[in-house]
Amino acid sequence: MAMKGVLVAFVMINLSILANCGAPRKAIDVPFWNNYEPSWSSHHIKYLNGGTTAELLLDKSSGTGFQSKRSYLFGHFSMKMKLVGGDSAGVVTAFYLSSTNAEHDEIDFEFLGNRTGQPYILQTNVFTGGKGDREQRIYLWFDPTKDFHSYSVLWNTFQIVIFVDDVPIRVFKNSKDIGVKFPFNQPMKIYSSLWNADDWATRGGLEKTDWSGAPFTASYTSFHIDGCEAVTPQEVQVCNTNGMKWWDQKAFQDLDGPQYRKLQWVRQKFTIYNYCTDRKRYPTLPLECTRDRDL
């Protein structure tokens, strides 16, 4: 009986591992200065608790931003954010990965502020070879101004997955075999910024920023980076071919069943725009949409 109990426990543990096999490794809380540095208007960034928290400030004179110290090709990148509260119409808070070449690759989180009482809109986009136009917009299932929540990107040679907390809200599969470019050879830095975009951000620019509420503050913590550093062509080659990192393994080549069910939950309950279903804009379904199972 004792041996039977051990075997049952072993099976249960391994079933549990399999059920969560596609979840990224737990993010590690590290201070701002470990991985990041200001990129513009550094005097509009405040550091609290020894740099474990950073506050970005926006007023009429300027917004601000920061960037990673190094560039990466594949990995898991996340940070916890608490967005501008109150009347945030016209204000955009961004967290994104981007390469620097003309035909650049980019993976975007853009949080579009709104009038008091109206929900934030989270817009995501993926650029490959300089081509974007892959916008998706959702409402979040919580108030992102009240507490810190985790926003993260898992990027490998097989897929890009965008997570809010542990929920995948978007997947972009490697579909090079059907003619869709995929970011696999351009290292990216990680950026974040807070700025005034009232010419387009809220109701297409109809709602303007109310500066009586300034300075607007977005807070950040847990500046986690677990990526393959790549600057030189040799490092790019190593990152692209080693296959030894945890994110290269089979468990992370696709979403698992529970993750796809979470993605469908987001699509059904919270999605307000998806380029894959915009037949006016795309009379022919973009090639990647069916493979991404993101309709």
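Is Glu 229 buried, partly exposed or exposed, and what is its relative accessible area? In this predicted model, Glu 229 is partly exposed, with a relative accessible area of 43%.

## Charged partners

The structure holds 12 salt bridges. One of them joins Arg 70 to Glu 229, with 3.4 Å between the closest N and O atoms. This pair links distant parts of the chain, 159 residues apart. To find the two ends, look for Arg 70 in the loop between β4 (64-68) and β5 (72-82), and for Glu 229 in strand β14 (residues 216-229). Arg 70 counts as partly exposed, at 28% relative accessibility.

Another salt bridge brings together the side chains of Arg 281 and Asp 133, at 3.5 Å from N to O. Arg 281 lies in the loop between β15 (271-274) and α5 (287-292), and Asp 133 lies in the loop between β8 (121-127) and β9 (136-139), so this pair ties together parts that are 148 residues apart in sequence. Arg 281 is partly exposed, at 32% relative accessibility, and Asp 133 is partly exposed too, with a relative accessible area of 41%.

Now turn to Asp 294 and Arg 267, which form a salt bridge with their closest N and O atoms 2.7 Å apart. Asp 294 sits in the segment after α5 and Arg 267 in helix α4 (residues 257-269), so the parts they tie together are 27 residues apart in sequence. Why does Arg 267 count as buried? Its relative accessible area is 9%, and buried means under 20%. Asp 294 is buried as well, with a relative accessible area of 1%.

| Salt bridge | Closest N and O atoms |
|---|---|
| Arg 70 and Glu 229 | 3.4 Å |
| Asp 294 and Arg 267 | 2.7 Å |

Salt bridges can also join up into a network. Which residues are linked in this way? They are Asp 87, Arg 115, Arg 203 and Glu 207.

## A buried threonine

Finally, find Thr 93 in strand β6 (residues 91-98). Is Thr 93 buried or exposed? Thr 93 counts as buried, at 0% relative accessibility. Leaving aside neighbours within four places in sequence, Thr 93 is in contact with residues including Met 81, Leu 83 and Val 84. Among its other contacts are Phe 109, Glu 110 and Phe 111, along with Ser 193, Leu 194, Ala 218 and Tyr 220.

Notes
Residues are numbered from 1 along each chain as its sequence is written. This is a predicted model: local features need pLDDT of at least 70, side-chain atom pairs count only at pLDDT 80 or more; totals for chains, interfaces and linings use all residues. Side-chain values use heavy atoms; hydrogens and water are left out. A salt bridge is a side-chain nitrogen of Lys or Arg within 4 Å of a carboxyl oxygen of Asp or Glu. Helices (H or I, at least four residues) and strands (E, at least two) are DSSP runs, numbered from the N terminus. Buried means under 20% relative accessible area, exposed over 50%, partly exposed in between (1.4 Å probe, protein chains only). Contact means heavy atoms within 4.5 Å.
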